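Let's take a walk through this model together, starting with its strands and then turning to its aromatic rings. Keep the viewer open as you read.

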Amino acid sequence: MLPDLFVQNIGQLVTVADASQKPKTFHRMDEIGIIKDGAVVIRDGYFIDIGTTRKLKKKYHRKDTKIIDAAGKVVLPGFVDCHTHTIFGGDRTGEFIQRIQGETYLEILKKGGGILSTVENTRKLKIQNLAELSRKHLDTMLLHGTTTVEIKSGYGLDMKSELKILKTIQYLQKTHPMDIVATFLGAHVIPPEYKHSPNSYVNLICNMLPKVKPYATFCDVFCDEGAFSAEQSERILKTAKASSFRLKIHTNEFKDIGGVSLAIQLNAISADHLDNIKQRDIVRLKKSNILCVLLPGVPFFLMKDTYAPARKMIENGVPVALATDFNPGTCPSGNMQMIITLACLKMGMTPAQAINATTINAAHAIGAAHRIGSIEVGKQADMIILDIQEYTQLPYYFSINHVKTTIKKGKIVVENMQLIDS
C-alpha cells in the first residue's frame, strides 16, 4: 500500500502514545513516547505506520510518495485546545487598561462590562461577520499548532443570538481545516434584561436546550461568583443531561461555591478553571472520571497570583488537561505554546506533563481521544513539526512560534510558518 506522505529524519518523534482509552495520570504524565530519528507514514488522512527512519525508509521511501525531511526537528501531535470562546464581536482593550489601573474583573462585570460588553457587540453581528472574524482567530491558532478546537457559545444570552453563534460554529466546522467541537454555554452570565429575575433566565436556558441540541455536543455552565449558583447550575445541567448533552462546568475560577461537587454528582466530562480548589476536592476528583481543564492564561492576563495547583493534582492522580480559554476579556491568546510555558512556570508542570495535557488528555476532555491527541497507527494524521531540537525547548524559548509545518488529516496546512490555501 503506497503512502500519501512520508515524514522522515525526525529528531524526536513525540508520540504521546498508549493513552487512548483513559487519560494519563501520576507518573504517566511524564511519559511522552519519544522515538529518536523517527518517521511517520500517512495514507488517506491517517497514520498507517510509525517507527524509526531506518526501518520505515526501506518499506515506504518511493519516488511517487511525497517526502518531508524533518531534518532532526521535533514532531508532536497537533494541539487540542479543549476550552475556548472563539466566536465573539469586538474586543475589551479598555478593560485591559482598567485592570492595569487596579479594577478587578468582577468590579468591571458589575458595571456592565466584561462578558456583558462582548454580548452587546456580538448580538449586533450577522453570521457572516462572526465567521469572518472567527476564521482569523482559527487561522492564528492553526499557525501555532492547534489542529482541534472546542468552541463555546455564550456571548448571545438569548435564543436568537445563541443559535446564531452555534450556527457560526457549524459553518466553520464545514469550511475551516480544523476540527471544531461545539459547546452550548447559554449559562455564561445573567444578561442585563434578567438582572432582577435570574431564575427566569434559568428557565429560558432550560427551554433553549432542545432547540440547540442539533448544534452542540456539550452543555457548559459558569458556576461561580458573579455567574450562576450551584442550585441554578444543577437545574440547567440536569435538564441538559436529560436532553443527551455531555456536561462541562466552569467553576472555582474566583470562588468555591460547590461546582466541583456538582460536576462529580452529574459525572461531567470536565471541570474547568479550578484556580481556587481545596485539597478535599482534589481527593474527590481522583475518584471520578472528570478531566480537570486548567487555564493558566487567565490568571496571567488578569494579573492574579492564584493558579490552579496542577502539580498537586498530578501527584494526587487527577487527570489534567490544558487549554487557552481564548476569549476577548480574560485570555485573548489562542497560542497553546504560550500556555505550555505558563503551565511550567506558574503551575509547576514539567514540559512533558504540559505536552500530555495539551494533546492526549485534552482530547479526552472533548471525548475524542480515540481519534486524535497522539501519533499512533489508525489515528487521524494531525501533527506539527517544530523548529527545535529538543522538546524541552518548546516552553523554554517562549513567545516564539516554533511551528514550521502543520499537517491536518494528512494534508499540509501550514508550511514554513505560512498558511497553505486549501
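Predicted model: local features only at pLDDT ≥ 70, side-chain atom pairs only at ≥ 80, totals over all residues.

Residues are numbered from 1 along each chain as its sequence is written, and side-chain values use heavy atoms, with hydrogens and water left out.

Start at strand E10, residues 246-251; strands (E, at least two residues) and helices (H or I, at least four) are DSSP runs, numbered from the N terminus. Of the 6 residues in E10, 5 are buried, where buried means under 20% relative accessible area, exposed over 50% and partly exposed in between, using a 1.4 Å probe and protein chains only. E10 pairs with strand E9 (residues 218-223) in the parallel sense, over 6 bridges; pairing requires that DSSP finds at least two bridges between the strands. One of the contacts joins Cys 219 to its bridge partner in E10, Leu 247. To get from E9 to E10, the chain passes through helix H8 (residues 230-242) in a right-handed β-α-β crossover. Right-handed here means that, with the strands pointing away from the viewer, the path from the first strand over the helix to the second runs clockwise.

E10 also pairs in the parallel sense with strand E11 (residues 270-273), over 4 bridges. Here Lys 248 has Ser 270 in E11 as its bridge partner. The chain goes from E10 through helix H9 (residues 259-266) to E11, and this β-α-β crossover is right-handed too.

Now for the rings. The whole structure holds 6 aromatic pairs: rings of Phe, Tyr and Trp (its six-membered ring) with centres within 6.5 Å, counted as stacked when the planes are under 30 degrees apart, edge-to-face over 60 and tilted for the rest. Among them is the tilted pair of Phe 88 and Phe 326, at 5.8 Å centre to centre and 50 degrees between the planes. These two residues are 238 residues apart in the chain. Ring pairs link Phe 88, Tyr 155 and Phe 326 into a cluster.

Finally, look at the lysines. The charged end of Lys 248 sits over the ring of Phe 218, 5.1 Å from its centre; this label requires NZ of Lys or CZ of Arg within 6 Å of the ring centre and within 35 degrees of the ring normal. Lys 213 lies over the face of Phe 245, at 5.1 Å from the ring centre.
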